[in-house]
Structure formats: C-alpha cells, structure tokens
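The following exercises ask the reader to work through a single protein chain. Each task is followed by a solution in steps.

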Amino acid sequence: QMILTVFLSNNEQILTEVPITPETTCRDVVEFCKEPGEGSCHLAEVWRGNERPIPFDHMMYDHLQKWGPRREEVKFFLRHEESPAESNEQ
C-alpha cells in the first residue's frame with residue numbers, strides 16, 4: 001500500500017494522508033479529502049510550478065508509479081472548485 005499526501009490549502013499547512021491501492025481512483029481521493037457535504041472539488045498536481053487537474057477516473061497508483069523517483073517533486077492539492085477538465089467535457 002502507498003500513502004498519498006494531499007494538501008488541503010495553498011499554504012501546505014493542512015494536509016491529509018490518503019491510503020492508495022491499485023484500485024484507487026482520483027475520485028476516491030477527492031471524496032476521502034473533502035469535507036462532508038462540500039460541493040465540487042478536484043485533485044490537482046503541481047510540479048515545477050505547473051499545475052494540472054487530474055481526471056476523476058484516473059488510477060492513482062499507476063499515476064504515482066509513472067512519476068518514479070521524481071515523485072518526491074510532485075505535490076498534490078485538493079482544489080475546492082470544479083475541475084476545469086471535467087467541466088469542459090460536458
């Protein structure tokens with residue numbers, strides 16, 4: 001099992017640790033992190049100043065494996081707004 005650290009605010013002071021298995025999707029991570037009853041949220045990854053939203057159906061275990069040793073450089077943030085990617089697709 002893997003642990004994914006997700007920052008819940010921009011200042012990186014509030015975080016949660018999410019257990020990741022090969023079956024965990026991005027949506028699972030978002031549901032785990034957000035407040036009960038909170039509206040649309042999405043997971044974003046930030047690497048070297050570039051931020052991109054992660055699709056809800058993304059398998060997080062595979063995603064983290066792909067980063068390999070660079071995974072230490074990537075930060076994941078819960079954004080308290082609808083994902084730009086998801087809203088474009090509708």
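**Exercise 1. The annotated span**

Task: State which residues the UniProt annotation covers, and describe that span in the predicted model.

Solution. 
Step 1. According to the unreviewed UniProt entry, the annotation "domain: Apoptosis-stimulating of p53 protein 2-like RA" covers residues 1–80.
Step 2. In this predicted model, residues 1–80 are 20% helix and 34% strand. The end C-alpha atoms of the span lie 27 Å apart.

**Exercise 2. The sheet and its helices**

Task: Give the order of the strands in the sheet, and explain why strand 2 and strand 4 each have a side without a neighbour.

Solution. 
Step 1. The open sheet consists of five strands in the order 2-1-5-3-4, and their pairing is mixed.
Step 2. Strand 2 (15–20) and strand 4 (50–53) stand at the edges with a single partner strand each, so one side of each has no neighbour in the sheet.
Step 3. From one strand to the next, the twist averages 35 degrees.
Step 4. Strand 1 (residues 2–7) and strand 5 (residues 75–79) run parallel and are joined by two bridges.
Step 5. Helix 1 packs on the sheet and touches strand 1, strand 2, strand 3 (42–47) and strand 5. The direction of helix 1 makes about 140 degrees with that of strand 2.
Step 6. Helix 2 (residues 60–67) also packs on the sheet, touching strand 1, strand 2, strand 3, strand 4 and strand 5. Its direction makes about 90 degrees with that of strand 1.

**Exercise 3. An aromatic pair**

Task: Classify the arrangement of the rings of F7 and F77, and decide whether the two residues are buried or exposed.

Solution. 
Step 1. A pair of aromatic rings is described by the distance of the centres and the angle of the planes.
Step 2. The count of aromatic pairs is two. For F7 and F77, the ring centres are 5.4 Å apart and the planes stand at 35 degrees, so the pair is tilted.
Step 3. This pair links distant parts of the chain, since F7 is in strand 1 and F77 in strand 5, 70 residues apart.
Step 4. Both F7 and F77 are buried.

**Exercise 4. Salt bridges**

Task: Determine how many salt bridges are counted, and compare the exposure of the partners in the bridge between E45 and R52.

Solution. 
Step 1. Side chains of opposite charge can pair when their charged atoms come close. The count here is five salt bridges.
Step 2. One of them joins the side chains of E45 and R52, at 2.8 Å from N to O. E45 has a relative accessible area of 3% and is therefore buried, whereas R52, at 42%, is partly exposed.
Step 3. Another joins R48 and E73, at 3.5 Å from N to O. R48 lies in the loop between strand 3 and strand 4, and E73 in the loop between helix 2 and strand 5, 25 residues apart. R48 is exposed because its relative accessible area is 61%, while E73, at 38%, is partly exposed.
Step 4. E51 forms a salt bridge with R79, the closest N and O atoms being 2.9 Å apart. The pair links strand 4, which holds E51, to strand 5, which holds R79, across 28 residues. E51 is partly exposed at 44% relative accessibility, and R79 is buried at 14%.

**Exercise 5. A helix residue**

Solution.

Terms used
Residues are numbered from 1 along each chain as its sequence is written. This is a predicted model: local features need pLDDT of at least 70, side-chain atom pairs count only at pLDDT 80 or more; totals for chains, interfaces and linings use all residues. Side-chain values use heavy atoms; hydrogens and water are left out. UniProt positions are given in the numbering used here, feature names are shortened, and annotations may be inferred rather than shown by experiment. Helices (H or I, at least four residues) and strands (E, at least two) are DSSP runs, numbered from the N terminus. Two strands pair if DSSP finds at least two bridges between them. Axes are lines fitted to C-alpha atoms, for helices over the stretch in contact, and angles run from 0 to 180 degrees between N-to-C directions. Contact means heavy atoms within 4.5 Å. Rings of Phe, Tyr and Trp (its six-membered ring) pair if their centres lie within 6.5 Å; planes under 30 degrees apart count as stacked, over 60 as edge-to-face and the rest as tilted. Buried means under 20% relative accessible area, exposed over 50%, partly exposed in between (1.4 Å probe, protein chains only). A salt bridge is a side-chain nitrogen of Lys or Arg within 4 Å of a carboxyl oxygen of Asp or Glu.
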